[in-house]
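Subject: Structure for you to look at

Hello,

Here is the structure I promised to pass on. Please open it first, then read my notes below.

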Amino acid sequence: MKGLGYLFFTNLKNSVKELVKSPAKLITVVAFVFLIAMMLVSSLSAPQTADELRDPKELAAMVLLLYGFMFFLGSNNGFSSGASFYSMADVNLLFSCPISQKKILVYGLVRQLQTSLLLGFFLIFQYSWLYNTYGISISGMLAILLGYCLVTFCSQLTAMTIYSFTSADEGRKRTVKYALRGIYLVLAAAVVLPVVQNTQDLLGAAVESATSLWVNFIPVFGWLTAAVTGVIAGNWMMVLAGVGATVVFMALMLLLVIRMHADFYEDVLKATEVSFSAITAKKEGQLRETVPKNIKTGATGIGGGAGASAFYFKHKVENRRARVFLLDTTSLVFVGVIWLFSFFMRESGGLVAVFAFATYMQLFSVSMGRWLRELTLPYVYLVPAGAFQKLLAICRESFLKVIAEAVLVFLPAGLILQAGPITIAACILARIGFGALFMAGNILIERVLGSLTSKALILFLYFIVLAALSAPGVIAAVVIGLLLSSTALAFAAMFVWNMAAAALIFYLCRDILHYAELNNR
């Protein structure tokens with residue numbers, strides 16, 4: 001273990017040195033630390049009284065939903081490529097050394113715990129509204145963060161176990177897959193059925209069902225939700241029980257991996273190659289979509305279009321293959337989260353709070369549009385059509401998706417929050433305006449900063465630019481809302497500003513597809 005310990009601490013030391021030597025990364029870290037400090041100070045300086053706080057059971061229900069969703073997604077990887085705790089350098093160097101596979105596996109587990117902790121870092125930025133809404137302490141926030149890290153780690157360990165058990169037998173893989181999904185359906189039904197039977201208070205029934213005693217006995221995410229709830233409530237017996245059961249589960253999965261697999265190197269190599277290819281593509285700016293192993297041939301051809309418009313019909317075909325219902329999986333998850341948030345904000349925040357949360361999430365969803373993928377390929381630059389015409393064509397699908405999401409998100413959310421039809425319509429328009437502005441902001445970033453190689457610096461400037469672009473509309477909406485006491489007019493003001501600013505940016509960046517050199521991908 002001396003060699004593995006040296007490797008681990010040397011990697012850690014080199015990461016710190018690289019951070020110090022890279023100004024862009026250092027500025028990004030300092031900025032994030034500053035934002036966290038400002039968030040903590042602003043939250044703690046204006047605490048709410050106990051009468052203004054909402055039921056802490058609602059927080060427990062949200063934690064259960066988050067943990068359950070992450071565990072299902074992570075463990076489901078075991079049916080495709082498994083999960084790897086190693087880099088390609090580890091595979092090439094460690095497995096050729098005279099070191100026991102068990103020790104290498106332990107090394108990989110320690111590395112993965114470190115990665116899981118970094119993945120949960122975004123939860124810290126939710127402390128402000130959690131503190132103001134539920135009065136959660138810093139220790140409670142850290143408990144949610146550590147629980148998230150453990151759920152992510154356990155899901156990947158479970159995926160590794162599933163892959164080792166099923167990779168050599170397709171029949172066994174189908175059996176385990178259907179069994180796992182059947183268990184999740186049964187658990188979901190057990191939570192949802194009591195809610196359906198109580199039509200008078202859906203939110204209260206959902207919270208009571210999700211915080212029932214039996215939920216604490218669900219493996220991993222139920223145990224860790226109980227542990228987090230125990231930390232917040234000061235029930236240390238519940239904490240010990242939840243953490244202890246999780247540790248036993250990890251030990252059992254580790255034992256199964258060691259006992260079951262005969263081809264440990266081959267399994268790890270395949271999973272590592274898949275993750276390494278995805279990471280390399282991200283670093284190079286090559287956005288890839290998941291391609292299934294077994295492809296079913298259906299309708300062929302793009303079905304229309306000529307010149308620049310062919311990109312729109314191409315995107316329609318890609319959407320048809322990727323979507324689950326009306327939208328793709330990522331969009332449906334965002335929509336579901338916003339609906340759930342609307343239930344929790346019916347009595348405290350109203351439509352404005354839900355709109356702010358939805359806009360924050362839209363900031364990330366818009367940046368994953370298909371138009372961005374076209375900039376990584378040479379074809380859009382070679383099509384014999386005007387640059388502005390091609391720019392509008394590749395953005396057409398994303399803009400229509402923004403409209404569909406706005407209606408699908410805020411029509412039910414407005415009804416949940418009992419808002420008037422005019423307010424709901426204005427809210428939908430404001431959502432569409434922000435979608436157009438965020439798309440324009442992405443194009444502006446590509447036009448001005450596309451030649452930069454530092455992705456961390458681009459991400460940091462991306463948030464600053466979008467905040468600056470949306471600030472005048474937000475200020476105008478606040479002033480109009482205060483003077484005229486009209487939420488609908490405030491949303492309309494944001495829509496007018498955002499659409500005007502987006503149109504101006506589109507026009508100013510109309511020549512972006514003239515020069516492929518502007519985009520360093």
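The expected span of a helix is 1.5 Å times one less than its number of residues. Keep that in mind for the helix checks below. Note also that this is a predicted model.

**Overall**

The protein chain has 21 helices and zero strands. It has 521 residues, and 40% of them count as buried. Take the contacts with a separation of 6 or more: residues 24 or more positions apart account for 78% of them.

Much of the interest here is in what is buried. The buried residues of helix 10 are Phe221, Gly222, Trp223, Leu224, Thr225, Ala226, Ala227, Val228 and Gly230.

Val228 is worth a click. Val228 sits in helix 10 and counts as buried because its relative accessibility is 4%. Which residues does Val228 contact, leaving aside its neighbours within four places in sequence? They are Tyr67, Ala143 and Ile144. Val228 and Ile144 are 84 residues apart along the chain, yet their C-alpha atoms are separated by 6.0 Å.

Now the two ends of the helix. Val220 lies in the loop between helix 9 (202–210) and helix 10. Most residues other than glycine have a negative phi. Val220 is not a glycine, but its phi is positive, at about 65°. Is Val220 buried or exposed? At 0% relative accessibility, Val220 counts as buried. Just after helix 10 comes Gly234, with a positive phi of about 80°.

Thr246 is found in helix 11 (residues 236–260). Thr246 has a relative accessible area of 1%, so it is buried. Not counting residues up to four places away in sequence, Thr246 touches Cys154, Trp223 and Leu224. Trp223 and Leu224 are among the buried residues of helix 10.

One more pair in this part of the chain. Phe165 belongs to helix 7 (residues 138–166). Its relative accessibility is 36%, so Phe165 counts as partly exposed.

**The nonpolar cores**

The largest nonpolar core has 59 residues. Which of them touch the most other members? Phe410 and Leu513 do. Elements that give two or more residues to this core are helix 14 (329–344), helix 15 (350–365), helix 16 (370–374), helix 17 (379–382), helix 18, helix 19 (421–449), helix 20 and helix 21. Helix 19 gives the most, with 14 residues.

Leaving aside its neighbours within four places in sequence, Leu513 is in contact with Leu375, Val380, Tyr381, Ala387, Lys390, Leu391 and Ile394. Another core, of 35 residues, lies apart from the largest one. Among its members are Phe153, Ile162, Ala210 and Ile218.

**Helix 15**

Helix 15 passes the length check too. At 1.5 Å a residue, its 16 residues should span 22 Å; the end C-alpha atoms are 23 Å apart, which agrees. Its buried residues are Leu351, Val354, Phe355, Phe357, Ala358, Thr359, Met361, Gln362, Leu363 and Ser365.

**Helix 18 against helix 21**

How do these two cross? The axes of helix 18 (residues 387–416) and helix 21 (residues 487–508) come within 11 Å and cross at roughly 140°. That angle makes helix 18 oblique to helix 21. Helix 18 makes the contact with Phe388, Leu391, Leu392, Cys395 and Phe399, and helix 21 with Met499, Phe506 and Tyr507. By type, the contact residues are eight nonpolar, no polar and no charged.

Ser485 lies in the loop between helix 20 (455–484) and helix 21. Ser485 is not a glycine either, and has a positive phi of about 55°. Is Ser485 buried or exposed? Ser485 counts as exposed, because its relative accessibility is 66%.

Best wishes

Notes: Residues are numbered from 1 along each chain as its sequence is written. This is a predicted model: local features need pLDDT of at least 70, side-chain atom pairs count only at pLDDT 80 or more; totals for chains, interfaces and linings use all residues. Side-chain values use heavy atoms; hydrogens and water are left out. Axes are lines fitted to C-alpha atoms, for helices over the stretch in contact, and angles run from 0 to 180 degrees between N-to-C directions. Helices (H or I, at least four residues) and strands (E, at least two) are DSSP runs, numbered from the N terminus. Angles under 35 degrees count as roughly parallel, over 145 as roughly antiparallel, 65 to 115 as roughly perpendicular and the rest as oblique. Contact means heavy atoms within 4.5 Å. Ala, Val, Leu, Ile, Met, Phe, Trp, Tyr, Cys and Pro count as nonpolar, Asp, Glu, Lys and Arg as charged, and the others, Gly among them, as polar. Buried means under 20% relative accessible area, exposed over 50%, partly exposed in between (1.4 Å probe, protein chains only). A nonpolar core is a set of buried Ala, Val, Leu, Ile, Met, Phe, Trp, Tyr and Cys residues joined through side-chain atoms within 4.5 Å.
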